[in-house]
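Work through the exercises below with the sequence and the model open beside you, and try each task before reading its solution.

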Amino acid sequence: MPVPTPFPRRAPRWRWCLLLFVPLAAPASDDVRDAWRLVADHLNRDAAVRLSRSRESQTRARRLAEATVAIDAQPVTQERLRAAEAELAALAAGDDEIAAAAGYLRGRLYQVHFQQLDLPRAAALYRELADRQPRSHWAQLGLVKLGLLTLYALPEPSAPAERIAAAAALRPRLQEKELGRDLDLQLGRAVLFYGLPPAQALPHLLAADRAGGLIGQAYEDLIVMIGELSMRTGDYAQARAYFERYEREVSYNMRVVTVRRRLEELAALERAAREAKR
Amino acid sequence: MSSRIRARLGVAIAVGCYLLATYWVFTRSAPLVSQRPVTIRVAHWQIEKGPPEGLDAVIRRYEQLNPRVKVEQVLVPGGGPVYRQWLRSNLIGGTGVDLLEYGYWLDGMTDIPARYFAPITKEMLEPNPYNRGTPLEKVPWSETFTDGLIVQQVTAPVPGQFYAATLTEVSTRLFCNRDLLREITGGTKMPTTLKELRTLSAQVRAFAARTGRPVYTLAGSRDNANWLLQFLMQGAMMPLSQRNDRFGTLALNAWDELGHYLEGRWTYDSPEARAGLELMREISLNMKPGFLQSMRDAATQEFLRGDSLFIFAGTWDGTSLRTLASFPVDVIRFPQPTPDDPVVGKFYYGPYADGGGGTSMELYLNKQSPHPQEAIDFLRFASSIEGNQIFTDHSGWLPATRFVKVPESIQAYVTPRDCFTFGMPYTIIGSNVAASLDRNMHLLTGPVGSVDKFVEAMATVMPSAVRVDLQKEISNRFLAIRPQDLQITALGELARGTPEDRELPQSRERLESSQTQTEALIYQMQLQLARAGEEGSGRR
């Protein structure tokens, strides 16, 4: 006796049209979503338990969750990481968001997780992802990580100015405002770290400020940096604007005392500049 | 008495005792099982007079407002080895309490936040519900602290993330035995400049010689000397800090100073450092010889016995000093150098910061807490205007929350915005550097010590101490960023499933941003280490 199924034995001819209603990557099931929620709350072990007890089918979403949780399963071993990478590589072969997330995580394994990091390999994976799925968030985030690697860690280019130019070349490919801001901020800081002229850093830092959205110390530092670097490069009006903004918005930080001293010094410089013009 | 009567009497006594005990248990003692379903525990080392009472009062009020929750205060002695061992062993064993005090300067503990504490950034960016109906009603929780939680941010394992809430603001002050001052000088005029302090110290020495009493200007101990060194070095190094401020942030972090050392941008032989050390030696000679063998309790006792005119201490010791002293205690700010000072005047930028730089008694959320929401809720109350006012009134410590009224008795602890700081004080920038300083401090402050001897000894040990500390900075950051990959992916997947939730993408974006900043720092530090390795620098 045939086993009853929920579908007729002979599906109608138009059955393939049903595929149109299947999203490119199916949303996570309840167990998988619960597991993600646990991971978001730092409860990775609980997430692993939840997934292992799940009776839901082995979907791509579930496989991604399992591979992700395995990355930080304690004790972390190279074997587990390699197994996770193999699973991520299989998932990355698709063309949906899960594939993009898996591709990105593969890059991260080589960039920060494996005992023996392979930064050129990580960079290659980020490039590959950005070429394949350029609009995916994971590809965009990968470009920021690629920018960092280019700025500091990859063997080539080796000259600081060339590193900055190579990383800056990635900037137009970043469509997401916040990720663009993060790369801008790092471009500006890299200019200063390498001791290149501060004037080269300012456009990047100003762009980061225009994008907005930074919080806490990163925001406070950015405002005071632009003020101070503008003063050092002789753009007194801009320096004044940023120092006054800092004084207005961050008055609780003791650094405001130095900022006020800078404003006094700035007034003297402005006076001297005016007199020199006469 | 027959044996039968004795037996009956024994039984009667036993039954009587049983009934009495039963009555006692049901009427007088605390319930054997808490009637509150949730218990959270808060551990800290502030066992001085003040904070335990303050926190008790906060807990009483919180429990009135929240009948479901019981809060227990766990007092663990000292910020020293006992607390460190207690903290680490409990966290490793999974028995850590819900909220834990932690300080970035705790020796050998820099990996703790990344491993065991959960960030509370999301909550920090929302208003604190316990501030409803106050001027801080709509202000994000992080901005309700008097310092905007700047120290927590600077020392967080991941820039841009919030990990702790604080309860108090600290400053360092000079506590004075007013009776002794009058006995020595005939008046109560306090020194306001280093020049006046030098004159007063000479008077104290003359008084001790004249009367044969072992009286010193300053109570001495290793801890008090370390606090003094921090204050003086931070001030003396300001011009050098500004020259080394490559990013233009007007403040240097610990890792900046470690990296700058490897780049040869400063050593303890730098003129500014030598001036600060010279001043430290000069002032420390007004402490009892051999003070480095004592801890802060010994200095407190020395002051309370009337064997020293002043004690330089943090306001964390204020309540103990003022309640235990049998004489009136005045509180003043440490006398400041002037531009014409013979030792540090050449490097004078402005008054040295003696507080106001940050809030403290920071409480972190244990990642393994079974009740994170309740723990965060208690933190919110303790740092709300109402909660922090209760803490301040009952502890005698400064508040950490804006709009909390500072009682008249501790107004002297408040540091107005009138002094300068450019970040870390070149002493507690890493546990190995701090330990090296500790080990060699006798060469600076001992009777036969000198700045030269100290500088020479530090030049030998610093390069390796700095390398190890910078390596630790790197490894701690790796510890912090690796699990973030999981969280970022989780937030991304959750957001994909619930596109209407606006918080998820925002949380993810903030985490990504702070992770990127951390990674950039890692690469910069790695480059500094690699270059120092190539060039053998850090000894210039």
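**Exercise 1.** How many residues does the contact take from chain A and how many from chain B? Describe the extent of this contact in the predicted model.

*Solution.* Begin with the residue counts: chain A gives 70 residues to the contact and chain B gives 65 residues. Next take the area, which comes to about 5900 Å² buried between chain A and chain B, with carbon and sulfur atoms giving 61% of it. Finally, look for the residues of chain A that lose the most area to chain B, which are A:Phe193, A:Tyr252 and A:Met254, together 14% of what that side buries.

**Exercise 2.** Identify the polar links between the two chains, and then the elements of chain A that supply its side.

*Solution.* Five salt bridges are counted between chain A and chain B, and A:Arg181 forms a salt bridge with B:Glu509, where the closest N and O atoms are 2.7 Å apart. The count of residue pairs in polar contact between the chains, both at pLDDT 80 or more, is 21. Several helices of chain A each supply at least two residues of the side that touches chain B, among them H7 and H9, while the largest share, ten residues, comes from H11(A). By class, that side of chain A divides into 39 nonpolar, twelve polar and 19 charged residues.

**Exercise 3.** Determine how H7(A) and H9(A) are oriented towards each other.

*Solution.* The axes of H7(A) (residues 137-153) and H9(A) (residues 177-193) lie 10 Å apart, at an angle of about 0°. Angles under 35 degrees count as roughly parallel, so H7(A) is roughly parallel to H9(A). Their contact has ten nonpolar, four polar and two charged residues.

Methods: Residues are numbered from 1 along each chain as its sequence is written. Chains are lettered from A and ligands numbered from 1 in the order in which they are written. This is a predicted model: local features need pLDDT of at least 70, side-chain atom pairs count only at pLDDT 80 or more; totals for chains, interfaces and linings use all residues. Side-chain values use heavy atoms; hydrogens and water are left out. Axes are lines fitted to C-alpha atoms, for helices over the stretch in contact, and angles run from 0 to 180 degrees between N-to-C directions. Helices (H or I, at least four residues) and strands (E, at least two) are DSSP runs, numbered from the N terminus. Angles under 35 degrees count as roughly parallel, over 145 as roughly antiparallel, 65 to 115 as roughly perpendicular and the rest as oblique. Ala, Val, Leu, Ile, Met, Phe, Trp, Tyr, Cys and Pro count as nonpolar, Asp, Glu, Lys and Arg as charged, and the others, Gly among them, as polar. Contact means heavy atoms within 4.5 Å. Buried area is the accessible area (1.4 Å probe) that two parts lose on being put together, summed over both. A salt bridge is a side-chain nitrogen of Lys or Arg within 4 Å of a carboxyl oxygen of Asp or Glu. A polar contact is a pair of N or O atoms within 3.5 Å; within protein, one must be able to donate a hydrogen and the other to accept it, and residues adjacent in sequence count only if both atoms are side-chain atoms.
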